[in-house]
Amino acid sequence: MAVARLDNPEVVQQVDIIAHLNDVRNTLVQQEQQRQWLAARVPSEPQSRLIGQRLAQMAGGPTIAVVVLDPAGDSQALQATLDSIAHARSTGAMLQGIVLTPQFRRQSPGDDMQYCSCQRDGFVAQINRIACSGDHRWLMLVEAGDRLTDSGMLISSLELLDDPQCRAIYGDAMVHEHGDVISPALRPDFNLDYLLSMPGVMARNWLFRASAVAEAGGFNEQYPAALELELILRMINRQGMVGFGHLCEPLVINQRAALADSPEFAEVLGLHLQERGYAQAQVLSLRSGQFRIRYGHPQRPSVSIVLVLDTDLPALQRCVISLLEHTRYPNYELLIVNNACADPQAAAWLAGSRQLLGERLQVVDLPLARGRASAINLGAAQARGEYLLLLRSDTVLMQEQWLDELLNHAQRPEVAIVGAKAVSTARTITHAGIILGLEESAGHGFAGQAMSASGYMNRLFVDQSYSAVSDVCLMIRREVFEAVNGLDAEVFEQGAADIDLCLRVARTGYLTVWTPHAAIIHDHPQTAVPLAVRQSFQRRWAAELPRDPAYNTSLSLSDAGGFKLADAQLAWQPLSWKPLPVILARAADVYGCGHYRIIQPLRALKNAGHAEGALIHGLPGLMQLQRYAPDTLVMQRPLQEQSLDAIEKIKAFSQVFKVYELDDYYPNVPLKSVHRGSVPKDIMRSLRRGLACADRFVVSTEPLAEALGSFHSKIHVVKNRLDPQWWAALPPSARRTSRKPRVGWAGGSGHTGDLELIADVVKALCDEVDWVFFGMCPRRLRPFVKEFHPGIRIDLYPAALARLDLDLAVAPLEDNLFNACKSNLRLLEYGACAIPVVCSDGPSYRGDLPVTRVNNRFRDWVEAIRMHVNDLDAAAVAGDTLRDCIHRDWMLDEVGLQQWRKAWLAD
């Protein structure tokens with residue numbers, strides 16, 4: 001057999017084509033996800049109404065001057081910006097567009113923009129006059145060609161209502177990539193180091209309080225290309241980092257393919273550092289728009305590098321050798337904690353190292369092995385250095401300046417902890433900052449990406465603040481370490497002590513900085529934290545985990561490595577003051593049950609302005625749940641083991657009101673149903689386990705409530721109703737369209753036993769009627785059926801059912817407990833199409849609906865069907881009567897919505 005070589009040109013070409021097609025596919029998927037994400041960020045009609053009411057209560061909300069800079073006099077670009085301002089104003093935002101342009105422009109009728117004709121060198125003075133005029137509370141600069149997003153300024157107006165101490169606020173942006181593709185640039189909360197590293201990303205399109213601009217002395221005319229950056233840094237130098245807010249909402253679609261860069265940035269950064277007292281500071285330009293700061297500290301403080309020797313002596317030896325060979329910084333000591341290492345060579349090697357290194361090496365011998373946190377604390381107690389450097393013993397150092405780079409930030413007075421970049425020998429990222437909430441507790445950002453990758457918004461290339469860094473390589477000022485009593489070895493002996501340390505230090509007001517310029521090799525993934533420890537961590541830091549300030553809340557917490565877009569529905573909550581109850585609902589499917597019991601009621605409640613909410617198709621993780629913060633979590637038939645585990649975790653860690661929704665009697669699924677195989681074998685145990693975690697149990701019928709009455713003390717019955725959007729405006733089925741009466745059945749794939757019940761009836765009447773089956777048809781009935789229509793999407797089903805033009809419909813049900821607990825939904829659907837019905841006389845179909853009920857006997861079925869098809873005029877009247885009844889009593893109207901609201905919300 002011939003084997004194609006990879007260096008064969010044809011094979012290489014095929015590989016290249018496949019790779020290209022995969023890239024195209026991934027790009028298209030990403031673009032579609034981004035399009036949906038942006039499209040979802042538009043207020044619904046009820047949301048817009050509530051937003052308008054809230055702004056009206058505050059005299060229309062804050063007035064915002066949007067100053068449009070048009071130095072080139074580009075009329076086309078300017079018009080795009082003005083159109084977006086006008087549209088944003090139509091949503092309710094109190095905006096005033098003010099155009100600065102060198103070209104004279106007459107104000108046209110209906111154009112309420114202001115035009116200031118001035119040359120480029122007069123722009124700054126004009127902006128300052130606007131800020132000092134007192135006509136506007138807030139000020140925002142945009143360039144001609146930039147466009148305000150549909151909802152960004154409206155949501156900003158709400159945010160600006162709340163904090164009178166806020167000096168400035170910034171949002172996110174949408175940027176052009178690869179031509180017309182627009183991608184979200186989702187910024188972190190205020191992050192001093194990222195601002196200094198990427199000013200073009202962070203210092204653009206801020207909303208400044210006009211009085212704060214005036215108090216700061218206005219924008220600086222010397223730096224027209226770095227106006228916002230210079231003002232922000234001046235504000236920091238004068239009053240610190242307080243009063244800066246971040247709104248996780250794209251405000252502007254920037255016209256340029258890349259965010260702004262300017263040669264003035266480096267000069268402004270240098271002046272800022274000089275004013276902060278860094279006389280020897282250097283601002284280095286790495287790449288366009290990216291900067292690296294060397295603070296030029298004159299001091300050379302002592303550092304104690306703490307290593308723990310557990311069992312792997314060779315790894316520690318490699319680490320120490322690399323440290324001695326690749327550490328340029330001279331003023332350090334090695335402090336090795338011998339954690340009762342059993343390697344017989346350990347004692348001799350440590351003794352030899354003492355002789356070789358002298359006072360530079362301290363060894364702390366522990367007679368009994370301790371956990372890593374305890375070992376570090378014991379070692380740190382003996383440290384002589386002003387700074388502690390916690391270093392994993394399985395790391396390898398590869399840069400001479402690695403320790404200098406850590407001290408470059410650690411000596412800043414506002415910084416207490418600094419972390420390094422860790423990469424594997426396979427040249428992938430193993431540590432680049434820790435993101436709170438990622439993977440349910442805390443995870444490594446960018447883990448697994450290529451060592452050379454730039455990361456989301458170039459974050460792998462630049463210094464920035466994080467909430468936590470790993471003790472793979474963690475530097476901390478010793479006095480801070482001691483002030484917080486070191487690592488919490490009592491609770492986090494088996495993991496997470498480093499993250500906990502960072503968070504406790506942050507509470508005292510210090511920053512934690514991660515730098516990519518100190519890079520080390522670390523291959524081994526961190527040991528999985530035991531469940532009990534992870535739960536302790538989640539309990540202690542429950543408030544912080546869902547909303548890491550270094551990580552935008554529009555980014556997902558469920559993807560390893562992070563920095564993927566979060567679910568569009570869950571990432572946006574414009575009603576931040578929560579005027580309505582919030583419902584998070586999990587639909588078990590997107591077919592009949594999922595729609596009638598979850599999707600349609602939730603949608604109707606939202607459209608009617610009774611609730612806010614989002615739909616999910618899997619149970620939420622803890623972080624997702626805490627981020628969205630619903631009042632109620634509705635869970636439809638969570639029966640599988642994975643779902644039950646998730647429910648129990650939610651019960652343990654969340655106070656959300658939990659509703660368990662069930663639509664059928666699953667302990668007795670009919671033998672012939674295709675769904676029987678998906679039911680857990682121990683279904684009774686599954687039901688009891690899930691319901692034990694629920695605050696309320698909601699079912700579809702009284703018989704179902706009675707059958708499961710022992711499972712839960714609080715059962716609500718909410719009967720199925722039809723969504724008017726789908727069913728109210730349907731034209732009635734056409735009648736008498738065939739030579740023979742058309743008699744049919746419609747439904748899903750789980751009714752084999754029900755249809756076999758009337759098999760002989762179908763056969764006996766096939767010469768008298770045209771049988772029409774829709775959705776499924778047992779094989780033995782096919783020879784007697786005139787038409788079979790396969791199943792279609794649920795949203796297309798109502799119209800398709802009406803188009804069958806049935807003169808009569810049948811609804812057989814086997815006599816069993818499963819069917820006794822079912823709802824009358826099949827009758828409602830037929831009735832909405834004005835189709836008369838013959839049905840089984842079972843508990844499900846008894847009641848007030850005007851249908852013909854029969855016993856499940858051949859003779860009764862045949863007689864009832866013949867009665868209708870032999871008098872089609874009477875059948876038509878029966879169909880119309882049934883339709884009137886459905887429209888009057890069984891639509892998802894206000895009465896029905898109140899039933900759902902009562903069932904889903906806590907009393």
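Student: Why are helices α21 and α22 called roughly parallel to each other in this predicted model?

Tutor: Helix α21 (residues 641-653) and helix α22 (residues 683-691) pack at an angle of about 20 degrees, with their axes 9 Å apart. Angles under 35 degrees count as roughly parallel, and α21 and α22 are therefore described in that way.

Student: Which residues of α21 and α22 meet?

Tutor: From α21 come E641, L644, D645, I647 and E648, and these meet R685, S686, R689 and G690 of α22. The residues of this contact between α21 and α22 divide into five charged, two polar and two nonpolar. Salt bridges that share partners join E641, D645, E648, R685 and R689 into one network.

Student: What makes the pair D193 and R412 a salt bridge?

Tutor: The side chains of D193 and R412 meet with an N to O distance of 2.6 Å, and the rule asks for a side-chain nitrogen of Lys or Arg within 4 Å of a carboxyl oxygen of Asp or Glu, so the pair D193 and R412 counts as a salt bridge. The pair links distant parts of the chain, with D193 in helix α6 (residues 192-197) and R412 in the loop between α14 (402-410) and β17 (415-423), 219 residues apart.

Student: How do you know whether D193 and R412 are buried or exposed?

Tutor: Buried means under 20% relative accessible area; D193 has 2% relative accessibility and so counts as buried, and R412, at 0%, counts as buried as well.

Student: Why is R328 called exposed, and what is D404 called?

Tutor: The cut-off for exposed is over 50%, and R328, at 52% relative accessibility, therefore counts as exposed. D404 has a relative accessible area of 21% and is partly exposed. R328 forms a salt bridge with D404, the closest N and O atoms being 3.8 Å apart, where the limit is within 4 Å. R328 lies in the loop between α11 (313-325) and β13 (332-339), whereas D404 belongs to helix α14, 76 residues apart.

Student: Why can D471 and R372 be said to tie together parts of the chain?

Tutor: D471 forms a salt bridge with R372, with 3.0 Å between the closest N and O atoms. D471 lies in the loop between β21 (464-465) and β22 (473-477) and R372 in helix α13 (residues 372-380), so the pair ties together parts that are 99 residues apart in sequence. Both D471 and R372 are buried.

Conventions: Residues are numbered from 1 along each chain as its sequence is written. This is a predicted model: local features need pLDDT of at least 70, side-chain atom pairs count only at pLDDT 80 or more; totals for chains, interfaces and linings use all residues. Side-chain values use heavy atoms; hydrogens and water are left out. Axes are lines fitted to C-alpha atoms, for helices over the stretch in contact, and angles run from 0 to 180 degrees between N-to-C directions. Helices (H or I, at least four residues) and strands (E, at least two) are DSSP runs, numbered from the N terminus. Angles under 35 degrees count as roughly parallel, over 145 as roughly antiparallel, 65 to 115 as roughly perpendicular and the rest as oblique. Contact means heavy atoms within 4.5 Å. Ala, Val, Leu, Ile, Met, Phe, Trp, Tyr, Cys and Pro count as nonpolar, Asp, Glu, Lys and Arg as charged, and the others, Gly among them, as polar. Buried means under 20% relative accessible area, exposed over 50%, partly exposed in between (1.4 Å probe, protein chains only).
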